[in-house]
Amino acid sequence: MTKTAFITGATSGIGEATAYEFAKQGIKLILCGRRLHRLTTIKEALERLTDVHILNFDVSNKEAVKTAIASLPTDFKHIDILINNAGNAHGLDPIHNGDTEDWDAMMDINVKGLLYVSKAIIPQMTARKSGHIINIGSSAGKEVYPKGNVYCASKHAVLAITEGMRVDLNSYGIKVGAVNPGMVETEFSKVRFKGAEAADKVYTGFKALEAKDVAEVIYFAVSRPPHVNIADVLMFCTAQANSVTVNKSL
Ligand code: NDP
Ligand code: 8X3
């Protein structure tokens, strides 16, 4: 039977690449994000491959999340796969200089947004005793690097929530896992540095992961047989060994 996937943050980077990867495999898609024009363009491109519905909302707005998910048409209401991907880093500052607006954005989007979306979708999975949730964490959820403070905290929270979900949803047969990439060349650094020049330098001198590399791992996880759950993946580009060790001489 054709499966339906709900992907947050599908307007760019890892979420968009995952939408393409899933579409190639004929998975029906519900694509979410705040930039409507991007959603529309991606829907037009992917509709040749699969059925696509778009939802334009901010994951950090609790009411908007509920309204958007309640508005799904009948043929998109049954969600088999949830990819909680929406999120970003905002700023890269030592803790004593951090901007509270950035802190709010990261906790509201990366942590609370993930919870709001999950809360709206999990009840149908528990009712059916099936489903698959993949949360996009980060290497920043496994270690803390200088100036990463609150972003790292938000991704540590994503990992704790993932483990909590896996435990609480265990008796319902729902698969829960996390995919945790290191540096991926997407719009991520443009958002982190608010479009400033520093963003251009982040991926120079080495070959970072591409969004597609992560999307392929996500598809691998969702395409395992029913008895297999990929619980946790940490992936780096070859040049990266951990958050602070990147070989730029390869
Ligand atoms: P991008 O900036 O390319 O994509 C971020 C996506 O999240 C966009 O589609 C954006 O859509 C969406 N988004 C951001 N804020 C909100 C919001 N408030 N409501 C709804 N959607 C939102 O970055 P990536 O693809 O790299 O990031 C995707 C995920 O991967 C994030 O969780 C990030 O933390 C994680 N990650 C990224 C790494 C990297 O190095 N790039 C490494 C490890 C993890 P829109 O603006 O249209 O709303
Ligand atoms: C993104 C990877 O190293 O910029 O989560 O935090 S990093």
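Tutor: Start with the term axis: a helix axis here is a line fitted to C-alpha atoms over the stretch in contact, and angles run from 0 to 180 degrees between N-to-C directions. The model is predicted. Now take helix 1 and helix 8, the latter being residues 211-222. Their axes come within 8 Å and cross at roughly 50°. That angle makes helix 1 oblique to helix 8. The crossing is right-handed. On the helix 1 side, the contact is made by Gly13, Ile14, Ala17, Thr18, Glu21, Phe22 and Lys24. Helix 8 answers with Ala211, Lys212, Val214, Ala215, Glu216, Ile218, Tyr219 and Val222.

Next, step back to the loop between strand 1 (4-7) and helix 1 (13-24). Gly9 sits in that loop. Its relative accessibility is 18%, so Gly9 counts as buried; the cut-off is under 20%. Leaving out residues up to four places away in sequence, Gly9 touches Gly15, Glu16, Cys32, Asn85 and Ala86. Gly9 and Ile109 are 100 residues apart in sequence, yet 11 Å apart in space, C-alpha to C-alpha.

Arg192 lies in helix 6, residues 188-192. Arg192 is buried but has no salt bridge. The nearest side chain of opposite charge is Asp93, 8.1 Å away. A salt bridge would need a side-chain nitrogen within 4 Å of a carboxyl oxygen. Setting aside neighbours within four places in sequence, Arg192 is in contact with Ala89, His90, Gly91, Leu92, Tyr145 and Tyr151.

Technical notes. Residues are numbered from 1 along each chain as its sequence is written. Chains are lettered from A and ligands numbered from 1 in the order in which they are written. This is a predicted model: local features need pLDDT of at least 70, side-chain atom pairs count only at pLDDT 80 or more; totals for chains, interfaces and linings use all residues. Side-chain values use heavy atoms; hydrogens and water are left out. Helices (H or I, at least four residues) and strands (E, at least two) are DSSP runs, numbered from the N terminus. Buried means under 20% relative accessible area, exposed over 50%, partly exposed in between (1.4 Å probe, protein chains only). Lys and Arg count as positive and Asp and Glu as negative; His and the chain ends are not counted. Contact means heavy atoms within 4.5 Å. Angles under 35 degrees count as roughly parallel, over 145 as roughly antiparallel, 65 to 115 as roughly perpendicular and the rest as oblique. A crossing is left-handed if the near helix is turned anticlockwise from the far one by less than a right angle, and right-handed if clockwise.
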